[in-house]
Amino acid sequence: MLELTRRMTPARSCFDRITGAYVNDMGEVEDTFNIHFGKLSASDKAKNLALAKAVPFSRTNEQLKEYTIPKEMKVSGGMWQLLRGILECGLKNDALMDVLYEQLADGYPVDHEFAIYVFHGVYDVPLKASDKESLWESEEIYDFMICTISPMKGEYEPDEPVFGFLYPAFKDRSEDRDRINIFHKNPFVMEEGLLYKLVRKTVYDEMKR
């Protein structure tokens, strides 16, 4: 995770796109955005990078846990297919993003406004020599997305993330599309509805409607 966060700075950002939705206290998506990360101002880049880094920078096996995506999720119209579709289009398909927002909003039943942000990143994983030193040659390309859910602290201003995920999981310096890393800010207060949406429940094939 540390290796990944080193590419999450304003000067060396691995992100190319950021999308998001703002949800009211009734659980309804009110506004969305989709923009190239490079078009953000320096201050906005820094604020958004802080949100994204909260997921991989959290305490592994406490706040950030790895889950295997079950077989029943790997069906047409399932969340796994939705995440794969979003990843393959690099967050550029607004219809797929809208389905994700609705699913997450439905699984997060709270009485306050919150924001869902999704980041798309590409990391050229460098080769490692036998002495663990980097050879600065790309071994593989890790194509990934980070999602965060945050309560609002101001108009269009999300607070620190309380929930999020990294997909696909970054395991042994490589992607694992059969697993997902899920983040809870408070590991003793699990967002069971969101967890159920991501790793246990099949969603309807709304993206084909």
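I began with leucine 198, which, when its neighbours within four places in sequence are left aside, is in contact (heavy atoms within 4.5 Å) with Met73, Met79, Phe163, Phe165, Ile180 and Ile182. This is a predicted model, in which local features need pLDDT of at least 70 and side-chain atom pairs count only at pLDDT 80 or more, while totals for chains, interfaces and linings use all residues. Residues are numbered from 1 along each chain as its sequence is written, and side-chain values use heavy atoms, with hydrogens and water left out.

I placed leucine 198 in helix α5 (residues 192-199); helices (H or I, at least four residues) and strands (E, at least two) are DSSP runs, numbered from the N terminus. Is leucine 198 buried or exposed? Leucine 198 has 2% relative accessibility and therefore counts as buried, where buried means under 20% relative accessible area, exposed over 50% and partly exposed in between (1.4 Å probe, protein chains only). I also looked up the C-alpha atoms of leucine 198 and methionine 73, which are separated by 8.6 Å although the residues are 125 apart along the chain.

**Whole chain**

Of the contacts with a separation of 6 or more, 62% are between residues 24 or more positions apart.

**Ring pairs**

I found 12 aromatic pairs in the structure, counting rings of Phe, Tyr and Trp (its six-membered ring) as paired if their centres lie within 6.5 Å, with planes under 30 degrees apart taken as stacked, over 60 as edge-to-face and the rest as tilted. In one of them, tyrosine 22 and tyrosine 117, the ring centres are 6.1 Å apart and the planes stand at 85°, so this pair is edge-to-face. Because tyrosine 22 lies in strand β1 and tyrosine 117 in strand β4 (residues 114-128), the pair ties together parts 95 residues apart in sequence. Both tyrosine 22 and tyrosine 117 are buried. Ring pairs also link a cluster whose members include Tyr22, Phe33, Tyr117, Phe119, Tyr142 and Tyr156.

**Largest pocket**

I next looked up the largest pocket, whose volume is about 360 Å³. Of the 17 residues that line it, Lys47, Asn48, Tyr117, Tyr156 and Pro158 are the closest to its centre. On a 1 Å grid over the protein atoms alone, a pocket is an open set of points where a 1.4 Å probe fits, with protein on both sides within 12 Å along at least five of seven lines, and lining residues have an atom within 4 Å of a point; the volume is the space filled by probe spheres set on the points, which are joined across faces, edges and corners. Helix α2 gives the largest share of this lining, five residues, and β1 (15-23), β2 (29-36), α2 and β6 each supply at least two.

**Backbone exceptions**

Most residues other than glycine have a negative phi, and most peptide bonds are trans. Against that background I recorded tyrosine 156, with phi near 55°, in the loop between β5 (134-154) and β6 (157-158); tyrosine 156 is partly exposed, at a relative accessible area of 46%. Asparagine 61 has a positive phi of about 70° and is found in the loop between α2 (42-53) and β3 (64-68), where asparagine 61 is exposed at 62%. Finally, a cis peptide bond with omega about -10° joins tyrosine 167 and proline 168, and proline 168 sits in the loop between β7 (163-167) and β8 (169-171).
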